[in-house]
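Subject: Structure handover

Hello,

Here is the structure you asked about.

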Amino acid sequence: RRSELSSPIVSTKCAFVMLSHLSHRGCRAATWQARIVRFSPAVSKPVASKPDSLAQSRRRSTTSTSSQEQKNAGFILDLGTKELIPEWKKMIAPSTFVTDVTAGVTVGCVAVPLSLAIAVASGVPPEVGLVSAAVAGVAGGLMGGTTLAITGPAAAISLLVCEAVQTHGLGTLPFITLACGGLQLAMGVVRGGGITKYVPESVIAGFTTGIGVMILAGQLPKALDLTLPAGLNTVEVVQAVGANIFKINPAAFALTIGVIGTMHVIPKIHPKIPSALVAVGGATATTKLLGLSATSIGALPSGLSAFTLSMPTLPPVESLPALGGTILLIYAMTSAETLLSCTALDRLRPTSYKHNPDQELIGQGVANITSAAFMGMPVTAVIARSSLNIKLKANSRLPALVQSAFVFGSLALYSDVISAVPLSALAGVLISSGAGMLQPAELKSCLADDKYNIGPYLVTTGGMLTMGMAEGIVLGCASSAAKHLVQQRLLAGGGDWVVQAAESRLKDPPPSPDTRKEA
């Protein structure tokens, strides 16, 4: 094996195998090489079972790998349209048509205020968020690998987009979106959708928490109607808000609190009511009726003038090296956000449906290319709108198209009404979304695998808040790799703490499913 690895040419698959040994999955599997323990769902005591022989394990692994390779052999040159045609036909089924249209309209009511808020947080004109949601929603809904997923601007990517706009200018955003879409499309065609499983969960959890904190801090000035200098990090924003606390606008602050409270209460009353639309609509009506002095969105393009088909401009050659790093970062995070959202949606569905990661990357690639053609911003599969689609008993891809039509009609027909929405109301929507990111599900999962994953998690979050998003992610990945290398070295050397940890796990096995339900 050493002679093979010393060859100057190492295959991509071999490189992925070596990366997996640095991930939490490889470390966790190495912990249990000596003994296999099986837990009965009815008995809490562990029952030792005889492990398979090395020959049996290799035979089973070889058979599984060969069958999977035969199933996934070749590139997806037809973009998966052959497998998608039956799903497209389900959209016109009479038995589910009314339910799907109703679900699409409801999701559209949520998509309009969220797209507006995310566009404002991204530092782009509000109409860019609506245009991106309208045109990319159709492409992602038709071509994606998850039947009930909704595509649109995502809060978790908004700060990446904002940083890109501040660094490279608003004019380069369509090119960034186009490049991200091209990379996603290419990765899906070559069946690279499974590559995201090599990203450590602790880094993803730290990224989610860091984005949540940054959204909360970034929306404070808008919630209080304060004007702060651009380019401040999260700590500096909080300090600046504290220094100007006596200059806040009470009306804007009251509207923000009202929106947050409405979005928190309405789902408890009825989960199918679009709380974001009700909250923002109520704040806008209150501002008009009471004549409150709160800064609004401002004038928007009317009619079809916002939907302009144009080719993104190629930036200067000397700026491409710096722009390349931004493109790769946004591409990696949008792809990870999409595939993680689709994995979460698989758990929400009442069936055994599993998404197709390769097809999902193809769909998101086509969606981002379409968004760039209309001078839009990067989009992903968004968990909030997609989970609402599932709760509304949607059955096909039709709701994704209906919600896009709803967003399109809102901008084309009611731009005057949208222009009166207070910015503090949109800040309340994003603060509610950001608060939901502070306890990501990935953190619980990675801590259950290994409690020492808290290290990369804290490094990622702290680096993002103090130095920047890219720096925090790089530091988090480096700390995760270092942690697993140390653990593997201790496992190979038989460290005492590793043996004690293994013995404690055998003595105190995890509770059975019945015990968890009772707890």
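Below is what turned up, grouped by topic. Please keep in mind that this is a predicted model.

Salt bridges

The search of the whole structure gives 2 salt bridges. As background, side chains of opposite charge can pair when their charged atoms come close.

One of them joins Arg397 and Glu87, with N to O at 2.9 Å. Arg397 sits in the loop between helix H16 (383-391) and helix H17 (398-413), while Glu87 belongs to helix H5 (residues 81-90). The pair therefore ties together parts that are 310 residues apart in sequence. Are these two residues buried or exposed? Arg397 is buried, at a relative accessible area of 1%. Glu87 is buried as well, at 19%. The cut-off for buried is under 20%, so Glu87 still counts.

Lys483 and Asp450 also form a salt bridge, and their closest N and O atoms are 3.1 Å apart. Lys483 is in helix H22 (residues 469-493), and Asp450 is in the loop between H20 and H21, so this pair links parts that are 33 residues apart in sequence. Lys483 is buried, with a relative accessible area of 12%.

Asp450 in more detail

Asp450 has a relative accessible area of 12%, so it counts as buried. Which residues does Asp450 contact, leaving aside its neighbours within four places in sequence? They are Lys483 and Gln487. A polar atom of the Asp450 side chain lies 3.0 Å from the backbone nitrogen of Tyr452.

Cysteines

How many disulfides does the search of the whole structure find? It finds 0. For reference, a disulfide is a covalent bond between the sulfur atoms of two cysteines. Two cysteines to look at are Cys180 and Cys477. Cys180 is buried, with a relative accessible area of 0%. Cys477 is partly exposed, at 33%.

Helix H19

Helix H19 covers residues 423-435, which is 13 residues. From its first C-alpha to its last, H19 reaches 18 Å. That is close to the 18 Å expected at 1.5 Å a residue.

The buried residues of H19 are Ser424, Ala425, Leu426, Ala427, Gly428, Val429, Leu430, Ile431 and Gly434. What do they pack against? The partners are helix H6 (94-121), helix H8 (155-168), helix H10 (201-224), helix H12 (250-269) and helix H13 (275-290).

Aromatic pair

The count comes to 1 aromatic pair. Phe307 and Phe408 form this pair, which is tilted. Their centres are 4.6 Å apart, with 45 degrees between the planes. Phe307 lies in the loop between H13 and helix H14 (320-348), and Phe408 lies in helix H17. The pair therefore ties together parts that are 101 residues apart in sequence. Phe307 counts as buried, at 14% relative accessibility. Phe408 is partly exposed, with a relative accessible area of 35%.

Where to start

Then go to Arg397 and Glu87. Finish with Phe307 and Phe408.

Best wishes

Conventions:
Residues numbered from 1 in each chain as written. Predicted model: local features only at pLDDT ≥ 70, side-chain atom pairs only at ≥ 80, totals over all residues. Heavy atoms only, no water. Polar contact = N/O pair within 3.5 Å; in protein donor to acceptor, adjacent residues only side chain to side chain. Contact = heavy atoms within 4.5 Å. Salt bridge = Lys/Arg side-chain N within 4 Å of Asp/Glu carboxyl O. Helix = DSSP H or I, 4+ residues; strand = E, 2+ residues; numbered from the N terminus. Buried < 20%, exposed > 50% of the residue type's maximum accessible area, 1.4 Å probe, protein only. Disulfide = S-S within 2.5 Å. Expected span 1.5 Å × (residues − 1). Phe/Tyr/Trp six-rings, centres within 6.5 Å; stacked < 30°, edge-to-face > 60°.
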